[in-house]
Amino acid sequence: MPVLTNLRVARVFEQVADLLEARGESPFKIQAYRRVARSLERLEEDIHLLDAEGRLTDIPGVGKEIEKKIREILRTGKLGYLERLKAELPGVLTLMEIPGVGPKTAYRLTTELGIRTIEDLEAALAKGDEFWARVPRFTPHLVDNIRRGLEAYRRRSPRLPLGQATIFFEELRHTLVRAGVSRVEPAGSLRRYEETVGDLDLVVVFPNAEDLARRLTGSPEVELAETAGPGWVRVRLASGLSVDVYVVDEAGFGAAWVWATGNRDHLEGLQARLGAAGYTLTEHGLVGLDGIPLPVAEEGVIYELAGLPYIPPEVRGGRDEFAPDVARRLAELVGLTDIRGDLQSHTDWSDGSAPLEVMVQAAAERGLEYLAISDHSAGRGNARGLDVGRLAAQREVIAALNEELDRRGIRVRVLAGIEVDIRADGHLDLPAEALKALDVVVGSLHTALTQSRDRVTERLLRAIRTGLVDILGHPTARLIGTREPVDFDREAVFRAAVEAGVALEINANPERLDLNAEDIRRAREFGAQFAINTDAHYPSNFDLMKFGVMTARKAWVRRDEVINTRPLAELREWLRRRRR
DNA sequence: ATTTGCCGAAATTAGCTTTGCATAAAGCT
């Protein structure tokens, strides 16, 4: 799990890099800051600890200057250098929040047009095409792109992507434990694995809500903690995130947990069934016909009383979980323990942080039976993508590693793979012979993500019909809250994938969750097969698998629809058959 | 700004796509 402090410091350096880039400084200086930001994001140790031990310069890319800056941030919470840059380049970072507006465009908007806020930009866009036609280098295409980016920005809710919410939750869990609570559990949209989370909801065991609010008030990351009702503490974190804490005793935990988890439609359906049996679920617990509260420690009791099987949180959506055949469907759902292997992962051969052997070991430690190494292809220049020669060399390394694993009696097997770029016209980034020599080919979009619907559709169909792609990687290329999904004809592409025997990836990275639950539902209608992959770039990323599995479960994906639930021999069979 | 290599200075990640212009630059990842 990434460390929140490290992420905050990384963010500061990202902003420094953005502003330096806006101003047109040396690319190498910019790169130096970006590199450190990425190192920090991937660092498992809290930099407070590294600082205390004088080991900050052990971090890749950290030298004397950046070490000083990290210390300043840790000490004061700010970086004077960044504050100065912000003052010299007002509005640039704000405008860069808009998808499609990079450092250069933001710089030109601020300097050439005096636009500094989102509202300024909206006003300028409202002036229409005649206005923009008079501004040099703001072509209709660029202006249109900005307009669409702004719409996406406006649509974007202040909700946190699931991965970030999880990190905040883990931090808060520690704070609550330090404050003396004996149990902390997530609830609300976080527990339901919704792709974004608005407020954090959680349930804790503690004797007294007022007392808990008082204890939390002293914590550094807590801005405000107050009781908002009986057994209910509302917390605002310094990050601005708002948290509802339900304070209960163990005896009533189950009922409170169901209530706090929701969602609203699910609770409504549940209420109807409980009501038929003579019970009411309230904010304060379960109440019998006689109006007497009944302590319920376990969630399962509630579902039993409602005449339902236990409904796991991720499928509490209010629509499908009340169907008569739900018990059978639940039994068939793919689960984390069904996943036998991971079919997309990166190493330091391209943009991963760890050597191949380390990634394999991390996969083995997590009980995976197989791991596909799928580094980027050469088209990802920035990721040091593999060309034909390096790919062949890596294949040999993998073959040797498999022999060694075999000798040492270690079960995990390594599949030689690639994440090959699907180029703007649908051609693959490597020749057919190179791809045919591999065990598994993941084909992904990484460039030209603003193409029209028709072009993307044609492009994907073409890639699918090469017969060389086994898995369509993160099919929409979205980044939750940052980059919109590409637009394509879902039906045409999903049908073509089914016909060609191409599996659709459910990318488990919580910044992607791609396909999302809605697209997965759609794809299932056409009989699609899925691969749930972490797309790991460093060892602890393998822990992200649960996010992918939960997303699949939200769309009621059965384990037999997921190719990486198959034992290795069967998977190999599937890959071979697809290639005929 | 950092690393490498060597003690001060050079090298550092690179190709694809689009656009505007007609061969090259900017932006993106």
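In which helix does arginine 108 lie? Arginine 108 lies in helix H7; helices here are DSSP runs of H or I with at least four residues, strands are runs of E with at least two, and both are numbered from the N terminus.

This is a predicted model, in which local features need pLDDT of at least 70, side-chain atom pairs count only at pLDDT 80 or more, and totals for chains, interfaces and linings use all residues. Residues are numbered from 1 along each chain as its sequence is written, chains are lettered from A and ligands numbered from 1 in the order in which they are written, and side-chain values use heavy atoms, with hydrogens and water left out.

Arginine 108 is buried, with a relative accessible area of 16%. Buried means under 20% relative accessible area, exposed means over 50%, and partly exposed is in between, computed with a 1.4 Å probe on protein chains only. Leaving aside residues up to four places away in sequence, arginine 108 touches Leu113, Pro136, Arg137, Phe138 and Leu142, where contact means heavy atoms within 4.5 Å.

DNA strand B is surrounded by 29 residues, the closest being Gln31, Lys104, Thr139, His141 and Ala424. A residue is near the strand if one of its heavy atoms lies within 4 Å of it. Of the atoms of DNA strand B within 4 Å of the protein, 73% are in sugar or phosphate, and the rest are in bases.

| Residue | Atom on the protein side | Distance to a phosphate oxygen of DNA strand B |
|---|---|---|
| glycine 61 | backbone N or O | 3.4 Å |
| arginine 108 | polar side-chain atom | 3.4 Å |
| glutamine 451 | side-chain N or O | 3.3 Å |

Two or more residues of the surface near DNA strand B come from each of helix H2 (27-42), helix H4 (64-76) and helix H7 (103-113). H2 gives the most, with five residues. By type, the surface has seven nonpolar, twelve polar and ten charged residues. Ala, Val, Leu, Ile, Met, Phe, Trp, Tyr, Cys and Pro count as nonpolar, Asp, Glu, Lys and Arg as charged, and the others, Gly among them, as polar.

The buried residues of H21 include Val456, Arg459 and Leu460. They pack against strand E15 (471-472) and helix H22 (490-500).

Helix H24 (residues 545-554) is largely enclosed by the rest of the structure, because nine of its ten residues are buried. Among them are Met545, Phe547 and Lys554. The buried residues of H24 pack against helix H11 (162-178), strand E11 (341-342), strand E16 (503-507), helix H23 (517-525) and strand E17 (530-533). Just after H24, tryptophan 556 takes a positive phi of about 60°.

**Strands**

Strand E2 (residues 183-186) has Val184 and Pro186 on its covered face and Arg183 and Glu185 on its uncovered one. E2 runs antiparallel to strand E4 (residues 200-205), joined by four bridges; two strands pair if DSSP finds at least two bridges between them. Arginine 183 stands opposite valine 205 in E4.

An open sheet of three strands has the order E8-E9-E10 and antiparallel pairing. Its edge strands, E8 (280-282) and E10 (293-294), each pair on one side only. Valine 287 stands opposite proline 293 in E10.

Terms used:
A polar contact is a pair of N or O atoms within 3.5 Å; within protein, one must be able to donate a hydrogen and the other to accept it, and residues adjacent in sequence count only if both atoms are side-chain atoms.
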